[in-house]
Amino acid sequence: MKILVPVKRVIDYNVKPRVKMDGTGVDLTNVKMSMNPFDEIAVEEAIRLKEKGIATEIVAVSIGEQKAQETLRTALAMGADRAILVVSETEVEPLGVAKILQKIVEEEAPGLVILGKQAIDDDSNQTGQMLAALTGRPQGTFASAVVVEGDSVKVTREVDGGLETVSLKTPAIVTTDLRLNEPRYASLPNIMKAKSKPLAQKTPADYGVDVTPRLKTVKVSEPPKRSAGIKVADVDELVAKLKAMGVAA
Amino acid sequence: MTSLVWVEHDTGAIKDATLSAVTAAAALGEVHVLVAGSGVGDVAAAAAQIAGVTKALSADDAAFDHVLPENVAPLIAGLMANYDAFVAPATANGKNIAPRVAALLDVMQISEILSVESADTFTRPTYAGNAIATVQSSDAKKVITVRGTAFEKAAREGGSGTVEAASGAGDAGLSSFVGAEISKSERPELTSAKIIVSGGRALQNSENFHSVIEPLADKLGAAVGASRAAVDAGYVPNDYQVGQTGKIVAPEVYIAIGISGAIQHLAGMKDSKTIIAINKDEDAPIFQVADIGLVGDLFKIVPELTGKL
Ligand SMILES: Cc1cc2nc3c(=O)[nH]c(=O)nc-3n(C[C@H](O)[C@H](O)[C@H](O)COP(=O)(O)OP(=O)(O)OC[C@H]3O[C@@H](n4cnc5c(N)ncnc54)[C@H](O)[C@@H]3O)c2cc1C
Ligand SMILES: Nc1ncnc2c1ncn2[C@@H]1O[C@H](COP(=O)(O)O)[C@@H](O)[C@H]1O
């Protein structure tokens, strides 16, 4: 089966985001950008399914600026076979992304779509669930294990109380959680090889999708700042503080 | 304006997260709630008693057990013909079903709101809580998830809502529940605990985590949390993870032990009232947010602290 993996270019997780002075957003000039970490896990899972002989082809998709090509090249270097970039120089919301992905799913007919559970910039945690609704397919979100069995897939999910397993008819939509796998690094030869793998360019209009945002960002501000408090010298002093706070008797 | 609030329950108790969602919905207008699953009559009756609730819909059908989104989302989308907003707590279930409802309604969801500014404007955290966005929705209907720590809990008693039966299409035949491994603990639940003791990678292994962190938690009647590193390394189960992509907590007291304070961890606990950090590295970023810090070896400090309490 074919696997589709949507990957988003986001601020690198090691960078501390800074809100712009004018309150219009987060300052991304000269900031390191990377593939959303959950999407690396998604690419890795697809590669493992291919290595097991379950997946036949892996298609990576990104919706975003031209620079998202770099993110797709990373996916190709990890082991994806080809890539599709849907170019939009303005930010596309999860609903718009899901609508574009729906069209790509109709064209490509993948057996699984594996997305990240959450993009670490917008923290929306929506796109996979929305794609599942639009395509009328079942969803296995926050996956920590994915087992394909014939025409169904068993997904173990990280939920509030622990773990839960569901069985989904394929084709299905899966979103990754942190414990699904540990993504590999692309080797130098694979990075070189990725340069010649196919990368198609499209636009939202090619898919007939209107990506006009439904949410207007009125302003972006910094959260209330916490300042460092005091340091105590030893356990006795800490115990005294806890007692003063009424936490300990 | 009338909202439909998703009731998170385990066929018996209504979860606290629901009560925060009711408060958020009440800021928008009238509040109805939806209880789904088999044998949920009593839960629906209890939900109708929540302060501010005027009606509880009871969708008594085994197809809605285990909150399978393939079955539950069409039920909600159908009911939404009569509502202006769907409001769910930002729990694992809420996050699973709400976007599916939103897409069925062709609405862009507003995730994990922190406040209701007006009928169409909300604040929400982005970038691991480092940027708070004020967003205005142009959709006719709103689909919203609510961050529990940002809203007071509505009182469980005081409402006098009616109970009405609701039904949906039932089983979509796309998915089934196989099983669950739910952590059992006598300790308070993380997201509603007053005190949390959290351990990080520094604990080194599961045995240390249990023998060092748990006795302190028990002394304080606290819940136990962990950093991602501690969960990834298998010291504790996944549901202990506090952070951007784990649980969001805001207890009276949060004690971070052997946790460095990465932004992804801070995102989950920096709204705690008092933060206490124990770390051997005096430059650890956790000290930048801690009200009380103690620099030193946790393996010496924590047992001594437990002993002296
Ligand atoms: C997509 C993504 C999502 C993430 N989501 C989360 C999340 O939700 N929650 C989360 O926590 N993290 C999350 N992380 C991980 C995060 O970036 C950090 O890697 C993680 O929080 C580090 O855990 P830690 O503080 O336990 O470990 P470390 O950073 O290794 O810190 C260990 C600390 O222990 C101290 N120490 C060591 N030995 C001792 C001793 N004997 N006594 C006292 N102190 C000692 C050290 O000085 C150090 O400060 C996420 C990362 C990514 C990429
Ligand atoms: N612009 C995008 N391009 C490709 N994939 C995306 C994009 N936005 C979101 N996704 C996918 O959807 C997941 C969840 O994103 P979100 O709903 O924004 O939190 C991400 O981890 C990606 O797999």
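Which of the 29 residues around ligand 1 come nearest? In this predicted model, the answer is a set from chain B: B:R201, B:S227, B:Q241, B:V242 and B:S260.

## Ligand 1, between the chains

For B:R201 the distance to an oxygen atom of ligand 1 is 2.6 Å, and for B:Q241 it is 2.7 Å. B:T245 goes for a nitrogen atom of ligand 1 instead, with a polar side-chain atom 2.8 Å away. On its own ligand 1 has 990 Å² of accessible area, and the protein covers 86% of it.

Sorted by class, the shell around ligand 1 comes out at 11 nonpolar, 13 polar and five charged residues.

## Ligand 2 and its chain A neighbours

Now for the other ligand. Around ligand 2 there are 19 residues, and the nearest are A:D39, A:I63, A:A119, A:N125 and A:T127. A:I63 shows up again in the polar contacts, through a polar backbone atom that is 2.7 Å from a nitrogen atom of ligand 2. A:Q126 also uses a polar backbone atom, placed 2.9 Å from an oxygen atom of the ligand. A:N36, by contrast, uses its side chain: a polar atom there lies 3.0 Å from an oxygen atom of ligand 2. Taken alone, ligand 2 exposes 480 Å², and the protein buries 98% of that.

Three elements of chain A each give at least two residues to this shell: β4 (57-64), α3 (94-108) and β6 (112-116). Which element gives the most? That would be β4(A), with three residues. By class, the shell around ligand 2 holds eight nonpolar, eight polar and three charged residues.

| Residue and its atom | Ligand and its atom | Distance |
|---|---|---|
| B:R201, polar side-chain atom | ligand 1, oxygen | 2.6 Å |
| B:Q241, polar side-chain atom | ligand 1, oxygen | 2.7 Å |
| B:T245, polar side-chain atom | ligand 1, nitrogen | 2.8 Å |
| A:I63, polar backbone atom | ligand 2, nitrogen | 2.7 Å |
| A:Q126, polar backbone atom | ligand 2, oxygen | 2.9 Å |
| A:N36, polar side-chain atom | ligand 2, oxygen | 3.0 Å |

## Chain A as a whole

Stepping back, chain A has six helices and 13 strands. Its C-alpha trace spans about 65 × 45 × 40 Å along the principal axes. Of its 249 residues, 56% count as buried. Among contacts in chain A with a separation of 6 or more, 70% come from residues 24 or more positions apart. The chain exposes about 10,800 Å², with carbon and sulfur atoms supplying 52% of it.

UniProt, in an unreviewed entry, places the feature "domain: Electron transfer flavoprotein alpha/beta-subunit N-terminal" at residues 23-211 of chain A. That span is 30% helix and 31% strand, and its end C-alpha atoms lie 24 Å apart.

Is A:T165 buried or exposed? It counts as buried, because its relative accessibility of 16% is under the 20% cut-off. A:T165 belongs to strand β9 (residues 162-169) of chain A. Beyond its sequence neighbours within four places, A:T165 is in contact with A:K154, A:V155 and A:T156 in chain A, and with B:F177, B:V178 and B:G179 in chain B.

B:S137 is another residue with partners in both chains. It lies in strand β8 (residues 131-137) of chain B and, at 5% relative accessibility, counts as buried. Leaving out residues up to four places away, B:S137 touches A:R214 and A:L215 as well as B:I110, B:D120 and B:K142. A polar atom of the B:S137 side chain also lies 3.1 Å from the backbone nitrogen of B:D139.

Finally, B:M1 sits in the segment before β1 (2-6) of chain B. At 38% relative accessibility it counts as partly exposed, because that value falls between the 20% and 50% cut-offs. Apart from neighbours within four places in sequence, B:M1 is in contact with B:L28, B:G29, B:E30, B:D84, B:A85, B:A119 and B:K142. B:M1 and B:A102 are 101 residues apart in sequence, with their C-alpha atoms 18 Å apart in space.

Notes
Residues are numbered from 1 along each chain as its sequence is written. Chains are lettered from A and ligands numbered from 1 in the order in which they are written. This is a predicted model: local features need pLDDT of at least 70, side-chain atom pairs count only at pLDDT 80 or more; totals for chains, interfaces and linings use all residues. Side-chain values use heavy atoms; hydrogens and water are left out. Helices (H or I, at least four residues) and strands (E, at least two) are DSSP runs, numbered from the N terminus. Buried means under 20% relative accessible area, exposed over 50%, partly exposed in between (1.4 Å probe, protein chains only). Contact means heavy atoms within 4.5 Å. A residue is near a molecule or strand if one of its heavy atoms lies within 4 Å of it. A polar contact is a pair of N or O atoms within 3.5 Å; within protein, one must be able to donate a hydrogen and the other to accept it, and residues adjacent in sequence count only if both atoms are side-chain atoms. Accessible areas come from the Shrake-Rupley method with a 1.4 Å probe; for residues, only the protein chains shown count as cover. Ala, Val, Leu, Ile, Met, Phe, Trp, Tyr, Cys and Pro count as nonpolar, Asp, Glu, Lys and Arg as charged, and the others, Gly among them, as polar. UniProt positions are given in the numbering used here, feature names are shortened, and annotations may be inferred rather than shown by experiment.
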